[in-house]
Amino acid sequence: MHPGRGGGNVSLLKVEGLSKHYQGKHGLFDRLTGARHTVVRAVNEIDLTVEKGEILGLIGESGCGKSTLGRAILRLHEPTSGTVNFDGANVTTLDPAALKAMRRRMQIIFQDPYACLNPRRTVAEIVGLPLKLHGLAANEAEQREKVAAICARVGLKPGQIDRYPHQFSGGQRQRIGIARALISHPEFIVCDEPVSALDVSIQAQIIALLLELKREMGLTYLFISHDISVIGYLADRVAVMYMGQIVEMGPVEQILANPRHPYTQSLMSAVPEVDHSGPRKRIKLSGDLPSPLRPPTGCKFHTRCPLAVDACRSQQPDIETVGPGHTAACHRLAEKLTLLDEASA
Ligand code: SF4
């Protein structure tokens with residue numbers, strides 16, 4: 001049983017065909033070859049749902065589009081196309097006033113709390129800002145009372161709320177970021193690599209805090225991480241992202257025990273066996289993540305995939321159902337090949 005277990009079969013968030021494209025920056029090679037209008041498809045045609053009360057883990061290498069997807073869902077980055085439906089409302093078409101109101105319900109916790117905490121403001125001002133923005137405190141005294149209560153809940157001492165961000169450690173700053181995200185009583189939080197910048201011992205404390213708060217406040221998380229151990233520990237379901245696309249998605253037990261996409265299998269090879277029999281044989285992918293300015297044709301993973309065949313280089317695989325709630329996009333699913341077995345042989 002996973003500590004975050006809690007999906008209730010009611011969709012809170014439904015993302016359909018969501019894309020975020022950017023105009024690519026051109027280097028000398030592009031100018032010489034006349035490639036002037038390269039589009040970077042940072043997030044491309046993503047479909048996913050998040051059930052009320054669950055933790056959907058979003059995993060993939062740095063630069064695969066995870067954070068861009070999280071921000072596009074909240075419209076912190078305006079999507080290029082597609083829809084985000086939150087509790088029955090189409091977030092992508094909300095006018096500025098309605099979007100502001102919706103932001104009270106949909107919040108984000110960032111990876112680097114220091115970079116997003118205003119160094120000239122005290123904790124009381126930083127954490128209290130959402131109350132001001134959304135008119136959630138009748139006066140200064142009430143605001144201060146609410147700030148003190150949420151700061152105490154995330155583990156800060158009462159005397160600390162008049163201090164400035166630079167007076168805190170990394171873990172304490174992340175607690176401030178969590179307090180700011182939660183003070184408006186949201187329902188959905190994008191946790192964008194919230195523990196990646198922290199020491200391992202502090203990571204465990206922050207993860208435990210996020211799980212406690214989720215249970216107490218009935219929260220739903222999209223939890224972004226490049227660390228499969230973290231995702232495997234707390235997620236109910238997992239979505240695996242590669243070059244702007246989701247290549248596999250399913251219940252965490254299935255993804256850990258029976259990963260079907262070769263990319264997922266390579267990620268899982270970094271995780272120790274559940275029976276503690278030791279680490280699996282590590283599958284090292286050849287090559288780096290291709291440049292998003294010149295993505296591979298066909299399956300975007302074909303330049304690094306040990307199982308690639310001719311079709312992979314020209315045809316993008318469709319998403320197929322491979323088990324209950326479990327989907328993957330690969331031309332060779334029917335062959336039930338596993339890189340893990342080959343690597344362990
Ligand atoms: Fe590998 Fe081909 Fe499957 Fe892509 S479609 S993951 S290249 S086998």
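User: How do the residues lining the second largest pocket divide by class?
Analyst: That lining divides into 11 nonpolar, seven polar and six charged residues, where Ala, Val, Leu, Ile, Met, Phe, Trp, Tyr, Cys and Pro count as nonpolar, Asp, Glu, Lys and Arg as charged, and the others, Gly among them, as polar. This is a predicted model, in which local features need pLDDT of at least 70 and side-chain atom pairs count only at pLDDT 80 or more, while totals for chains, interfaces and linings use all residues. Residues are numbered from 1 along each chain as its sequence is written, and side-chain values use heavy atoms, with hydrogens and water left out.

User: Which residues lie nearest the centre of that second largest pocket?
Analyst: Of the 24 residues that line the second largest pocket, Gln-245, Ile-246, Val-247, Ile-319 and Ala-329 lie nearest its centre. Two or more lining residues come from each of strand 2 (39-51), strand 9 (237-242), strand 10 (245-251) and strand 12 (326-328), and strand 10 gives the largest share, five residues. Strands (E, at least two residues) and helices (H or I, at least four) are DSSP runs, numbered from the N terminus.

User: How much space lies in the second largest pocket, and what counts as a pocket or a cavity here?
Analyst: The second largest pocket holds about 440 Å³ of space, a volume being the space filled by probe spheres set on grid points that are joined across faces, edges and corners. On a 1 Å grid over the protein atoms alone, a pocket is an open set of points with protein on both sides within 12 Å along at least five of seven lines, a cavity is a set where a 1.4 Å probe fits but cannot get out, and lining residues have an atom within 4 Å of a point.

User: And what about the largest pocket, how much space is in that one?
Analyst: The largest pocket contains about 660 Å³ of space. It is lined by 28 residues, and Ile-126, Leu-129, Pro-130, Leu-133 and Arg-180 are the closest to its centre. Helix 3 (96-105), strand 6 (106-109), helix 4 (123-133), helix 5 (140-153) and helix 6 (170-182) each give two or more residues to this lining. Helix 4 gives the most, with eight residues, and by class the lining has 14 nonpolar, six polar and eight charged residues.

User: Switching to cavities, how many of 30 Å³ or more turn up?
Analyst: A search of the whole structure finds two of them. The largest cavity holds about 90 Å³ of space, and of its 13 lining residues the closest to the centre are Cys-299, Cys-305, Cys-312, Cys-330 and His-331. The second largest cavity has a volume of about 50 Å³, and its lining is made up of Arg-260, Pro-262, Leu-307, Cys-330, Arg-332, Leu-333, Lys-336 and Leu-337.

User: Where does the ligand sit?
Analyst: The ligand sits in the largest cavity, which is said of a molecule when more than half of its atoms lie within 2 Å of the grid points. Among the residues around the ligand are His-261, Cys-299, His-302, Cys-305, Cys-312, Cys-330 and His-331, where a residue counts as near if one of its heavy atoms lies within 4 Å of the molecule. That shell has eight nonpolar, three polar and one charged residues.

User: Now the sheets, please: what is the strand order in the open sheet of eight strands?
Analyst: The order is 6-7-8-3-9-10-12-11, with mixed pairing, and two strands pair if DSSP finds at least two bridges between them. Strand 6 and strand 11 (320-323) are the edge strands, each pairing on one side only. Within this sheet, strand 3 (residues 55-59) and strand 8 (residues 220-225) run parallel and are joined by five bridges, with Leu-58 standing opposite Ile-224 in strand 8.

User: What order do the strands take in the open sheet of four?
Analyst: The four strands follow the order 2-1-4-5, with antiparallel pairing. Strand 2 and strand 5 stand at the edges with a single partner strand each, so one side of each is left without a neighbour in the sheet. Strand 1 pairs with strand 2 over nine bridges, and strand 1 (residues 11-23) pairs with strand 4 (residues 81-86) over five bridges. Leu-13 has Val-50 as its bridge partner in strand 2 and Phe-86 as its bridge partner in strand 4.

User: How many residues lie between strand 4 and strand 5?
Analyst: Two residues lie between them in a hairpin, and Asp-87 in the turn has a positive phi of about 50 degrees. Two bridges join strand 4 to strand 5 (residues 89-90), and Asn-85 stands opposite Asn-90 in strand 5.
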